[in-house]
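Hi everyone, thanks for coming. Let me put the structure up on the screen, and then I'll walk you through it.

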Amino acid sequence: MLTPLSSKSWDYAKAAHLLNRAGFGGPPAEIEKLADLGPERAVAHLLDYEKISDPTPNPDWAKPNPEEIRKFREAIRNGTPEEKKQAQREEQQTIQRRMLELRGWWLQRMVRGTRPFQEKMVLFWHGHFATSMEKVRNPYYMWRQNELFRRLATGSWEQLLIDAGKDPAMLIWLDQAQSKKDHPNENFAREVMELFALGEGHYTEHDIGEAARALTGWSLDFQTQNFVYRPLIHDNGDKTIFGQIGNFDGDDFIKLIVAHPQAPKFITAKIWNFFAGQVPSPELNEQLAAVFRANGNNFKPFLRELFRSEIFYSEGIIRNQVKSPVQWLVGSVRMLECELPPTLVSWGMLRQLGQDLFAPPNVKGWDGGVTWITTNTLLTRYNDAQALVEGTLPALSAGDFAKKGTVGGGGERAMKALQRIRMGGVKVEKILTPEQRADKATIVAALEHRLFQTRLSSDQEQTLREFLDAKTKMSDADIATTVRLMMSTPEYQVT
Amino acid sequence: MKNEITLQTRREFLRRTVLGSSLAWTVPAFLANTFSALQAEAADSAIQTATGRDANILVVLQMAGGNDGINTVVPFANDFYHKARPTIGLKAAEVLKLNDAVGLHGAMKGFKSLYDVGQLSVIQGVGYPNPNRSHFRSTEIWQTASDSDRVEKNGWIGRYFDNACSGGDPAVGVTIGSQLPQAFFATKPKGIVFNNPQNYRFMANGAATEESYKKLNELEMSAPQPDDNSGGSIGMLPAGMPMTGGRAVDFISRTALDAQHSSDEVRAIAARVQNRAEYPASQLGGSLKMVAKLIGGGLPTRIYYVSQGGYDTHTNQLGSQQRLLGDLADSVKAFTDDLKAQGNMGRVLVMTFSEFGRRVSENANGGTDHGAAAPMFVIGEKVKAGLLGQYPSLAPQDLYQGDVKYNVDFRSVYAGVLENWLKTKSAPILGRQFAPLTVV
């Protein structure tokens, strides 16, 4: 049991902290609403999202389409060289178009969706089960995995691990679809223990080999585009996993993992790190794991305690997490009450900043934390702030859209499309009342309240006031530039 | 704490050195005088920095994904090799022979030509005890130079900066890319990172905006640097494992300062210096092209870091490895040609590494799975050219879990490079004394 935060200490800054971490932040009105609810009801408001309807329609191609695949394969097999080329080009373009749509679909869910906490969890699971489009090469599978994370976002760990393992994108990503009893592929067996559920040092190389045998038979039916169990390629012999002997199959192996004493410690530490921005101390980790286990390895009750706990609101945690690029972009749009840039631009920005959704760098996911910040990505954040606020096109080049030999491609086409894009920018009347706008000191104070939920240093405030001093009119453009300047600070990069 | 570099002196250092030209626009003259006084103080203590203007330079080239060393330096005359690799084994006619037993992959003509003029050393069978077959863990081991059962936070290059370049210019390390590799993680993080020099700057809609940006990112440095004894600063922590001491914003403030001061210099060099060789139009080619410019432009960098990905060849390895190794050899060859034309080749050493080699036996998908030891390449005018170390035995009874055994510890290679090339003691950097392999 974690010590809960007392209702008395609940205020605007703490409500903002909750909304920033359990969601993607929001404008002052939204924060004030949570502040009025008190900690318990504020947490429930975010966590009990099942009560809120989710009207977002799915992309129209988000369903199995074996006929499309059959046609493509037919053209590749029997077509003339010209037809073959044509089919490949079309497939490539379809993939690029749908992936772009999918990215926009998900980002809009984060920005405008009715269930920000659920989307934050989907983002966590995407980074956790880091599966890349670059290998899966199928937008339907990528969407389907994303939906799986949404459906099981805060449910049972065992069910999530089993379903994620049987998910088509994962079967391709970690080669499980190709594993047979005479040549078991160890990739999924290894990563599920190392990266998804236990961490290094809690299993042996021998366990990996045995687990790979247990997992044989888990496969993908390309006709139905569904998981299939193939008994003929399953190894029916006895296996020894974590010292236990039996004719285990894939489900048995996952159950053994979840029952492993390390399992609750591993996943709760990772969740704490994601939401609190720090590695938990061994004592705290023990406590977190105990709460998780006491709740039958279910996430929802565990997360409720986490967000209610006093320690989650302690000084070393508030405003001490580096914003991920997604947090930076989605959070900025929400705080500034502006439009998300067109998907092509949003995607280009996220790629430049190091978080290409649906294309994590490897199965370990994004390293996160301070590794988001380099001299390069920091300047890019400052410049993307200009694009977002002033409505200019960010500096993107073909290379930002194309990776050689991958499906990221289409760099030149993207650049052409970019020329037609008009950016929105910030509407000053949405972020400042006429009274706030009357004076440079109130302008700076109101924007601080909105963007930082705290104050900058007096030197920085002075710099901003001086900037406005030199502007006789304090026009919309001058105020937009002030916002951009505030976002071009080290302080804006943390939450 | 007598050799501590305060943020103040760090800022002063930035103004004074490479990036010194920025002094004029950042501070009024009376402040500059104050800084000069500070600088004089600092000069007596820790700021005795090696700069790269005339010193030796190391270029670290990461082959990410685990390169199949056995099909890179090919034991074409070995029966065990052909038995283990009936479909992807390379025949004698397909390799560039180095002697009667081994040859380079046929795509590596660029490397063969360097070998023939005595500028390539091939270190065979490089690895470490108790090899780990996880990409991430094994990469971490190579980046931190740790034992395989010990988790280190800082990188070996970071420790080199901490030990040998204290107080140095941030541009002492340059990574072409968007992420800082763990090898650079240090107690006092250093190094600049960028991809495209054109966009490596603050874009402002007017002089007043730019002026304000500089102030906002310069003045707010009052937060104390994390104390080294309090559990370390942020930059030393491993990826994704944020700080135990110090606040995130301190780390970002330091990075902001480095970004501000290095961006002008990098862009000026990129615009001024011309390449004098034709590079492949690949990501690696582009990165080495940029490094050649920066070397030609006189950036005081000791270590450059570039990488090439895609070596995780579990399926249909032949085509992808052909493309990757061809790109590698052609890019590095162009780089050496460029440096020779500049007259800088004599002070540049290129060292490649990959997190592991691959299994001796091919798998059922025309590829190979994660393995252990593999060769490293070192390129330069002063290298000990030829084949170093011994080719590991491929005889089944000599393998460990299907992998070749290493006979050169990679830290001996690091030790050789540190001591003989970067001219510094290796033991404080590598944790203990490894017998330095004579690579130069």
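This is a predicted model: local features need pLDDT of at least 70, side-chain atom pairs count only at pLDDT 80 or more; totals for chains, interfaces and linings use all residues.

Residues are numbered from 1 along each chain as its sequence is written, while chains are lettered from A and ligands numbered from 1 in the order in which they are written.

So, chain B: it has 13 helices and 12 strands, taken as DSSP runs numbered from the N terminus (H or I, at least four residues, for helices; E, at least two, for strands). It has 440 residues, and 55% of them count as buried, as in 20 or more other C-beta atoms within 10 Å of a residue's own, with C-beta atoms placed from the backbone.

Now, how many residues does each chain bring to the contact? Chain B gives 54 and chain A gives 50, where being in contact puts two C-beta atoms, placed from the backbone, within 7 Å. On chain B's side, α9(B) supplies the largest share, 11 residues.

Over to chain A. Its domain assignment lists domain 1 (7-47) and domain 2 (428-493), with bounds from an automatic or database assignment. Their centres, taken over C-alpha atoms, sit 24 Å apart. Between them, 5 residues of domain 1 are in contact with 4 residues of domain 2. On the domain 1 side, helix α1 (residues 12-22) of chain A brings the largest share, 3 residues.

That's it from me, thanks!

Methods. A residue is buried if 20 or more other C-beta atoms lie within 10 Å of its own, exposed if 12 or fewer, and partly exposed in between; C-beta atoms are placed from the backbone.
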